Amino acid sequence: MPAETPSETARRLIEQNTYLTLATADADGRPWASPVWFAARGLSEFYWVSRFVRRHSLNIEVRPEVALVVFDSTAPVGRAEALYVDAVAGQVDDADLAAALAVYSGRSVERGLPPWDEAAVTGDAPHRLYVARATDVFVLDETEGRVSVPMR
């Protein structure tokens, strides 16, 4: 069987994992990392729902540049794989909300969880739907060197 391409590895990691680690920083540059349940549209958009008063959400309001990593924490030492993403994040705009919710809710239902609707992430609801739009995506090669992954 031929080796996977970097794009195939990236897509497999997204499909096989349900959490990503979201790295943010506050206005002073103090870092914060949070695990979030996610859904992705291709390799360019990553969605999650979070309370807008949480530290990572507040950090995104003042510093939208984020980093993401998707990995299997149960992999044996020396066999780990990961998808690394540099991105710009924020709450999903009203104009994009229906399409973004379709992606997020679709993955939720696929995984046996309840669907999400606009009422759950707008108005007086405590949660909001967030998106990280990738600027760079990469995986590691067999020597742990970064390999760029096309986002299309």
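Arginine 128 touches Trp48, Val49, Ser50, Phe52, Gln91, Val121, Thr122 and Gly123, leaving out residues up to four places away in sequence; contact here means heavy atoms within 4.5 Å. The model is a predicted one, in which local features need pLDDT of at least 70 and side-chain atom pairs count only at pLDDT 80 or more, while totals for chains, interfaces and linings use all residues. Residues are numbered from 1 along each chain as its sequence is written, and side-chain values use heavy atoms, with hydrogens and water left out.

Arginine 128 belongs to strand S7; helices (H or I, at least four residues) and strands (E, at least two) are DSSP runs, numbered from the N terminus. With a relative accessibility of 12%, arginine 128 counts as buried, the term buried standing for under 20% relative accessible area, exposed for over 50%, and partly exposed for values in between (1.4 Å probe, protein chains only). A polar atom of the arginine 128 side chain lies 2.7 Å from the backbone oxygen of glycine 123. Between arginine 128 and aspartate 96, which are 32 residues apart in sequence, the C-alpha to C-alpha separation is 13 Å.

Tyrosine 104 is located in helix H3 (residues 97-110) and is buried, with a relative accessible area of 4%. Serine 7, 97 residues from tyrosine 104 in sequence, is 21 Å from it in space, C-alpha to C-alpha.

The next region is that of helix H2. Which residues of helix H2 (residues 55-62) are buried? They are His56, Ser57, Asn59 and Ile60. Seen down the axis of H2, these buried residues fall within an arc of 160°, so they line one face of the helix; the arc is that of the directions from the helix axis to the C-beta atoms. The face turned away from the buried side of H2 carries the exposed residues Glu61 and Val62. The cover over the buried residues of H2 includes S1, strand S2 (31-37), strand S4 (45-51), strand S5 (65-71), strand S6 (82-91) and strand S7 (127-140).

Histidine 56 of H2 has a relative accessible area of 9%. Beyond four places in sequence, histidine 56 touches Leu22, Thr24, Trp32, Ser34, Val36, Trp48 and Ser50. The side chains of threonine 24 and asparagine 59 are joined by a polar contact of 2.9 Å. A polar contact is a pair of N or O atoms within 3.5 Å; within protein, one must be able to donate a hydrogen and the other to accept it, and residues adjacent in sequence count only if both atoms are side-chain atoms. Threonine 21 is also found in strand S1, but is partly exposed, with a relative accessible area of 24%. Its C-alpha atom is separated by 8.3 Å from that of alanine 67, 46 residues apart along the chain.

Helix H1 has Thr9, Ala10, Leu13 and Ile14 as buried residues. These residues cover an arc of only 135° around the axis, which puts them on the same side of H1. Strand S3 (39-41), S4, S5, S6, H3 and S7 are among the elements that cover the buried residues of H1.

A nonpolar core is a set of buried Ala, Val, Leu, Ile, Met, Phe, Trp, Tyr and Cys residues joined through side-chain atoms within 4.5 Å. The largest such core has 24 residues, of which Phe46 and Leu83 touch the most other members. Helix H1 (6-16), S1, S4, S5, S6 and S7 are the elements that give two or more residues to this core, and S7 gives the most, with 5 residues. Apart from this core lies another, of 13 residues, among them Trp37, Ala39, Val121 and Val131. Leucine 83 touches Ala10, Leu13, Ile14, Phe46, Leu68, Val69, Val70, Val137, Phe138 and Val139, not counting residues up to four places away in sequence.
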